[in-house]
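Here are some notes to read alongside the model, for anyone opening it for the first time.

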Amino acid sequence: MTNSFQVNSKEISKIKTTSKREKDFRIKNLNFFNKNGFPNKRHEDWKFSDLREIIYKNFKKLNTKNTSVKVKKINFIKDFDHNYVAIVNGELHSSNFKFEDKNKIKIKIFKNKNFSQENESNPLICLNHALANKGYHLEIKDNYKFKKTVIIYNLFTKDLKDSILNSRNKIKVGKNSELHTIDFIINESKHKFVNNVYENVALANNAVYKNICIQKDKSQGYFHKFSKNQLLSKSKYSTFIFPSGLRFNKLDLEFNLEGKDSECNLQSASFLNKDDHQEIKTKMNHLAPNCKSYQRVKNVLSSDGKGVYQGKIYVKNIAQKTDAYQLSKAMILSDNSEFDSKPELEIYADDVKCSHGSTSGKVDEDAIHYLMTRGLDKKESTKLLINGFLNEVIEMIKSNSVKNFVKGKLKKQIYGY
Amino acid sequence: MLEIKNLTASINNRDILKGLNISIKPGELHAIMGPNGSGKSTLANVLSGKNGYKISGEIRYEGKDLKEMSVDKRAQKGIFLAFQYPIEIPGVNTNNFLKTSLNKVRKARGEKEIDTMSFLKLLKEKSSELGIDEKMMSRQLNLGFSGGEKKKNEILQMKILKPNFVILDETDSGLDIDALKIVANGVNSYRDKKKSFLVITHYQRLLDYIKPDFVHVLSDGKIVKSGCMELAEELEKKGYNKIK
């Protein structure tokens, strides 16, 4: 990328393309990005997160070069047995499904075959469409329930500096199958870089997918992820997001409840400190009757931390008996921190239950006083309350070993407070 | 143990305590009775170090100026307040909180931190004395506890933290007669020559079970009458209006 963050079209000729259609698709998307640049607050979807300003402030240039890196060793989690997929700088590195029936699982490097002419208005998605040439494609065949969790190690190497990575992933869970994954982000780079991901998850009839997303440590990453998720009849999708630890993080999540009786559950707990900026944007599209969705987003904001939650529930006219719920709670510890919440309901069916709530407030002084009368100092009391506030989400995780693992990681993030 | 001289306290420009004097020696149990709005809870709050009050006068605890001490330091030095309305704290596990609290107090006393096994043993012993179901201890702090459970939990904390000076703020309110007896027994078994108590209550009922050495009547921010148990009995018969 040049100084004005434009991408030279030569970059596309460096990517191995299989067809003219693919090349045209990439060029079309690149042109869109170059014309519009990084989105700024004038875009409605970005009004609380002016990415252009953030990029200009923190980067002088960005390299789009995709250099392959050899990784000697990945520090695997020892807390519990698991399968794994290792991704290094967005690229599929290795995988191991030793606890499973390997005939039921397909994993390969992602190859895009969908060059739809649909006009995309998010410049970051266009940039991804133009440049992404790595990522993974995981497919679970019908009627297979995973015995152990799959940890997806997302490793970012030391040599990443002023880079922008574009990758694309896809997960497909077959009929009556069940998959649990943990996205575990390990960032070894001490420098600033951008990671831009496009993700697809497709759940067939009666499939169950559970996911947890968490960072190992604090890092200098600027992350954007767009995720498009399809839920067919009676499928269940549950995701727990613990996204803090990055300098910038925007998760743009779209769920399409296309099959009747499908269910989606999204919960998030974050601790945002210093200059952290994080946005969760969801679009819960109820497109079929009798579906359920539940969203709960909790944020604790300290010093100059900024958090955003834009949650939209859309109910199509045929989606009768929809049960949709959305709740945002923020605890604000400093006068300099900021939390923006924008709930939206768009309902075209008449027999539905939709509710939303949003609260933000300071830490409860009476609770602090109570804890202090038991000998804890102010900081310890506050930490205990932060922990308690976020723990409500973690407590919903069923597996004890995973719950404790997540608790430990989150505690470490709060410890710095 | 505790020496209060000419204590005044106001909040939001409203005077609540208007020159209160009291002296409590080691081993003594003082009861403070008074009508609604007389300043009883304010006195408990001020002694615990709660923010927001404008205070003048003298409060000395074991010879030291209490006003200079932060809330947590007071607790570490052995002051304990059993709250009238214990706060519900979601997400905080009762067990973990109590262990953290005990270790803070032990550390301040120059004792070694207690390990988890010994702590659980201690917890089991003390909760069975108060008839507390152990399962309650793995719940979130005070969350969804009944009135009686909350008050018992306060007394349990007292027994575990082993303070020298205990303030009981209307601990009897919201208790049925069986729970009242258990709580009173908990307090009585903790009394000895070194420990002092300040018991704040509306009714004589609690004092039938916890025998005070002295009874004071608080009215409009001042102690208007002091005496022994007979004073409490008189109050019960005649009401607060007749005593002044």
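This is a predicted model: local features need pLDDT of at least 70, side-chain atom pairs count only at pLDDT 80 or more; totals for chains, interfaces and linings use all residues.

1. Which residues of α6(B) are buried? They are L180(B), V183(B), A184(B), G186(B) and V187(B). These cover an arc of only 155 degrees around the axis, which is why they count as lying on the same side of α6(B). An α-helix has 3.6 residues a turn, so residues three or four places apart point the same way. Turn to the other side of α6(B) and you find D178(B), K181(B) and N188(B) exposed.

2. What covers the buried residues of α6(B)? The cover includes α4 (116-129), α5 (147-161) and α7 (205-209), each of them in chain B. Of these, α4(B) has 14 residues and reaches 20 Å from its first C-alpha to its last, close to the 20 Å expected at 1.5 Å a residue. Just after α4(B) comes G131(B), with a positive phi of about 65 degrees.

3. β1(B) and strand β4 (residues 54-61) run antiparallel, joined by seven bridges. In this pairing, L2(B) stands opposite Y61(B) of β4(B). β4(B) is also joined to strand β5 (residues 64-65), again antiparallel, by two bridges.

4. Two more residues deserve a look for their backbone angles. Most residues other than glycine have a negative phi, and most peptide bonds are trans. N12(B), in the loop between β1 (2-11) and β2 (14-24) of chain B, has a positive phi near 50 degrees. K234(A) has a positive phi too, near 60 degrees, and lies in the loop between β10 (221-231) and β11 (236-242) of chain A.

5. Are those two residues buried or exposed? K234(A) has 20 C-beta neighbours inside 10 Å, so this lysine counts as buried. N12(B) has 8 such neighbours inside 10 Å and therefore counts as exposed.

6. Now for chain A as a whole. Its secondary structure comes to seven helices and 19 strands. A compact globule of 417 residues would have a radius of gyration near 22 Å, and chain A has 21 Å, which agrees. The C-alpha trace spans about 70 × 50 × 45 Å along its principal axes. Of the 417 residues, 49% count as buried. Among contacts between residues at least 6 apart in sequence, 83% join residues at least 24 apart.

7. Eight of its ten residues are buried, so β7(A) is largely enclosed by the rest of the structure. Strand β5 (residues 150-156) of chain A pairs with β7(A) in the parallel sense over seven bridges, with F156(A) opposite N187(A). β7(A) also pairs, again in the parallel sense, with strand β9 (residues 208-215) of chain A over eight bridges. In that pairing I185(A) stands opposite Q215(A).

8. Y348(A) makes a contrast with that strand. This tyrosine sits in the loop between β18 (338-347) and β19 (353-362) of chain A, and it is exposed, with 12 other C-beta atoms within 10 Å. Leaving out residues up to four places away in sequence, Y348(A) touches V315(A), K316(A) and N317(A). Y348(A) and S227(A) are 121 residues apart in sequence and 24 Å apart in space, C-alpha to C-alpha.

9. Finally, where do the two chains meet? There are 16 residues of chain A in contact with 19 residues of chain B. On the chain A side, the elements that give two or more residues are α5 (365-372) and α6 (378-394). The largest share, six residues, comes from α6(A). By type, the chain A side divides into six nonpolar, six polar and four charged residues.

Conventions. Residues are numbered from 1 along each chain as its sequence is written. Chains are lettered from A and ligands numbered from 1 in the order in which they are written. Two residues are in contact if their C-beta atoms, placed from the backbone, lie within 7 Å. Helices (H or I, at least four residues) and strands (E, at least two) are DSSP runs, numbered from the N terminus. Ala, Val, Leu, Ile, Met, Phe, Trp, Tyr, Cys and Pro count as nonpolar, Asp, Glu, Lys and Arg as charged, and the others, Gly among them, as polar. The radius of gyration is taken over C-alpha atoms; the globule rule is 2.2 Å times the number of residues to the power 0.38. The arc is that of the directions from the helix axis to the C-beta atoms. Two strands pair if DSSP finds at least two bridges between them. The expected span of a helix is 1.5 Å times one less than its number of residues.
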